[in-house]
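These are my notebook entries on one protein model. I set down what I looked up, entry by entry.

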Amino acid sequence: MFDRSRLIKFNSISSFLFLSYFVCWVSISTTTIDIVRLLDIYKFNSVLGDTSFQKIKPDIIEYINFLRQIIVFIIFPVLLYLNIIDCRKNISNTDLGLFALLLYFLFQIPGLIFTENSILNIGFVISALNIILIFNLSNSIFDKKTFKFFIYLSLFFLILITFLNKATYIRFIETNRADGLYLYFDTSTSFLDKTSPRSTGSSRTLLFIYIILLFLFNKFFEKNKKIKIALYLILATLILLFQSRATIILLLVFLFTIFFIENKFSIKNFIEFSIKYFLLPVLCLYFIVYFKNFESIKKKIDEKNISKIEAINENFNRPIDPSTFSSGRINDWKKIINKTSNSLFFGYGSQADRFLINQSSSSGFVYAFSSSGLIGFIFYLFFLIICLKKILNILIIEQKLYSKKTKLCSIIVLICILRSFLESSFAVFSVDFIILTTFYNYIKIYNLNRDNA
């Protein structure tokens, strides 16, 4: 017999999970400080009362950022309650990887309590826990088709982030020089008074967009390969213009992996693939730099008696300290690790890197150790091992059993993991964290072989 009340309950929970996932995306870049700031303004207003002083009122952006952050705390107890109820019924369905990730973030809390690091950083932990709780519950009730809605939402926000960063592209187009997109970031109110993504983040977003589009619209791109190549050329050229070495390496990893997924290895296939996916983006890059900086390049050729390629390279050099390829990361890692020894087992809590050296650790491993200590770091490594085991199985050991779409999901997870070597990546609540957990769950929960992907 049709149980109408059960269906209504299912639809209510499903809607709440999608809404919570949407909220988590919207909350990115906000902190608990946005809540405190608004409360402080109103506290100040109440003290002033009806005196002749002009009351200080928060602007619309402060209201929006307040709402973006406080709703994270509102949905947390609801998600926690729903997960407790679900665990009582389906304790065996709890994913071991998600549980390890949950413990990793929980062990960031003691450092906030027992050290001088600000307790206000708890917002990053709560946001991450929300995502984990969302997926732990969705894995019990969603089928593969329903779960894909999470991926559509992710694609929407990645495109939105790129659009909001439009000032970077506009400034690059309007200038007479062609130094690459690396130098044209704009920290305007397009991001609601929050800092816009830097080169690594912006270029990583473009790479994610391309892979997710291939995943969601695989059949369309298989039938329209010219559109697929055109889209790739645009996004790959933009990635090169951002001059992020880390993302360029990740792009190469993606290309080599996708080559073996799509083609049987032969010299002919490799040459054709290389021309399309390696040579053409580089030619597009040099074409843009040359014609955008034509007068300067021509002058350098005449004055220095150098080739056209050398002149273009001079105009496209990213400002990097020649004494260190790591951009100072290694020294930062040493400082953080040495300081974390004072709180070895529990670390310094969320945002420990900024507390200890006042900047990002630029390493997921270093961040995990400093924020959750030795105990939390063990759970972080355990989650990584689970991910890598699954990826290895899909891409190498039993790759013939899995569909191309499944392999694309695995590549996204692999990219997040590789990125964590040189960026904080998914070790902290971020775009990488949401993307990795989304696609990890997709390949972990659903049987995505060639027949049912």
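**Entry 1: a buried charged pair**

I began with Arg-419 and Asp-432, and I found that both residues are buried, a word that I use for under 20% relative accessible area, with exposed meaning over 50% and partly exposed in between (1.4 Å probe, protein chains only). The side chains of Arg-419 and Asp-432 meet in a salt bridge, with N and O 2.7 Å apart. By salt bridge I mean a side-chain nitrogen of Lys or Arg within 4 Å of a carboxyl oxygen of Asp or Glu. I located Arg-419 in helix 19 and Asp-432 in helix 20, so that the pair links distant parts of the chain, 13 residues apart. Helices (H or I, at least four residues) and strands (E, at least two) are DSSP runs, numbered from the N terminus. I also noted a network of salt bridges that links Arg-204, Arg-419 and Asp-432.

**Entry 2: the source of the model**

I recorded that this is a predicted model, in which local features need pLDDT of at least 70 and side-chain atom pairs count only at pLDDT 80 or more, while totals for chains, interfaces and linings use all residues. Residues are numbered from 1 along each chain as its sequence is written, and side-chain values use heavy atoms, with hydrogens and water left out.

**Entry 3: the whole protein**

I looked up the secondary structure and found 20 helices and 0 strands. Of the 453 residues in the protein, 51% are buried. I then turned to contacts, meaning heavy atoms within 4.5 Å. Among contacts between residues at least 6 apart in sequence, 73% join residues at least 24 apart. The protein exposes about 22,700 Å², and carbon and sulfur atoms supply 65% of this area. Accessible areas come from the Shrake-Rupley method with a 1.4 Å probe; for residues, only the protein chains shown count as cover.

**Entry 4: further salt bridges**

How many salt bridges does the rule count? I recorded 6 salt bridges.

One of the pairs I examined is Glu-222 with Lys-404, whose closest N and O atoms are 2.9 Å apart. Glu-222 counts as partly exposed because its relative accessibility is 34%. Lys-404, at 17%, counts as buried.

I next examined Glu-423 and Arg-329, which form a salt bridge with the closest N and O atoms 2.7 Å apart. Glu-423 is in the loop between helix 19 and helix 20 (431–445), whereas Arg-329 is in helix 16 (residues 329–340); the pair links distant parts of the chain, 94 residues apart. Glu-423 is buried, because its relative accessible area is 13%. Arg-329 also counts as buried, at 14%.

**Entry 5: helix 3**

Why does the span of helix 3 agree with expectation? The expected span of a helix is 1.5 Å times one less than its number of residues. Helix 3 (residues 60–89) has 30 residues and should therefore span 44 Å, and its end C-alpha atoms are 44 Å apart.

I noted a bend of about 25° at Ile-75, with a proline, Pro-77, following within four residues. The bend at a residue is the angle between axes fitted to the seven residues ending there and the seven starting there. The buried residues of helix 3 include Ile-61, Phe-66, Val-72, Ile-75 and Phe-76.

**Entry 6: helix 8**

Which residues of helix 8 (residues 166–174) are buried? I listed Ala-167, Thr-168, Tyr-169 and Phe-172. What covers these buried residues includes helix 7 (144–164), helix 9 (199–216), helix 11 (225–242) and helix 13 (267–292).

**Entry 7: two residues with positive phi**

Gln-351 has a positive phi of about 65° although it is not a glycine. I placed Gln-351 in the loop between helix 16 and helix 17 (352–357). Its relative accessible area is 9%, so Gln-351 is buried.

Ser-362, also not a glycine, has a positive phi of about 55°. Ser-362 is in the loop between helix 17 and helix 18 (364–397). With a relative accessible area of 14%, Ser-362 is buried.
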